[in-house]
Amino acid sequence: MIRVQEHDFDPGVELELLSKGNNAIGGVCSFIGMVRDFAGDEQISAMTLEHYPGMTEKQLEAIEKEANERWPLDATLIIHRYGRLEPGERIVFVAAASAHREAAFEACHFLIDWLKTKAPFWKKENASSGDQWVEAKTCDDEATKRWEQD
Amino acid sequence: MKVLYFAWLKEKTGTSQEELDLPEGVSDVEGLMHWLRDRDNGFASAFSKDALIRVAVNHEYVEQDHVLANGDEVAFFPPVTGG
């Protein structure tokens, strides 16, 4: 399941719902991305996330589908927030449930790596020196590349 | 067709979305980008470096040689930074 929303989410509740009623699940792996209060040497007071409604959902669904084709998963979840967020707030949540831990760990890692380079979100940081758009990082592209298949 | 701009492309062009007829002589994404660049200073600044711009047509990523049709939804944006 995927969700794009402005409001916060409760990771405990989400994890509970993800595996509820399916006793074939042996493990759930999850990742939460949060707003840091620094970027390099600068203090960050807040950030604003913009996205492309319509394309975002389509890309997240494609990422989730890809994970389900690669690993034997019982359930997956991607929640991504948009709007204004302050340091300490949750931005993104991904989780993968499977009979065995390897698939859950790998799929969770894959979901967040792919999302970072494919889902159309853009962060603008409110830094001490002014507002600035976050630039895409080469290391994120590298992280995605290791999941590429021939 | 519908053309959308996000992040700093939206700020530099002063436009979030607009309806356009495929301009005469323009057949692909690259042609449209060159046509937009010649509009005014804001568009010229936004489209000054092709390498910094990602393009989606009908919600799918495309390359700059992608052929356009009237009725397409075309979006221009910087490399994504979510997660």
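Contact here means heavy atoms within 4.5 Å. With that in hand, welcome to a predicted model, in which local features need pLDDT of at least 70, side-chain atom pairs count only at pLDDT 80 or more, and totals for chains, interfaces and linings use all residues. Residues are numbered from 1 along each chain as its sequence is written, chains are lettered from A in the order in which they are written, and side-chain values use heavy atoms, with hydrogens and water left out.

**Inside chain B**
- Leaving aside neighbours within four places in sequence, B:L32 is in contact with B:M1, B:L20, B:P23, B:V26, B:L68, B:V74 and B:F76.
- B:L32 also belongs to the largest nonpolar core, which has 32 residues; B:L32, B:F47, B:F76 and B:F77 touch the most other members.
- Such a core is a set of buried Ala, Val, Leu, Ile, Met, Phe, Trp, Tyr and Cys residues joined through side-chain atoms within 4.5 Å, where buried means under 20% relative accessible area (1.4 Å probe, protein chains only).

**A second core**
- A separate core of 28 residues includes A:W71, A:L73, A:L115 and A:F121.

**Where the chains meet**
- Across the interface, 26 residues of chain A are in contact with 20 residues of chain B.
- The buried area (accessible area, 1.4 Å probe, that two parts lose on being put together, summed over both) is about 1,900 Å², with carbon and sulfur atoms giving 58%.
- On the chain A side, A:Y52, A:W122 and A:W133 lose the most area to chain B, together 33% of what that side buries.

**Charged pairs**
- Chains A and B share 3 salt bridges, each a side-chain nitrogen of Lys or Arg within 4 Å of a carboxyl oxygen of Asp or Glu.
- A:K58 forms a salt bridge with B:E60, the closest N and O atoms being 3.5 Å apart.

Definitions and conventions:
Buried < 20%, exposed > 50% of the residue type's maximum accessible area, 1.4 Å probe, protein only.
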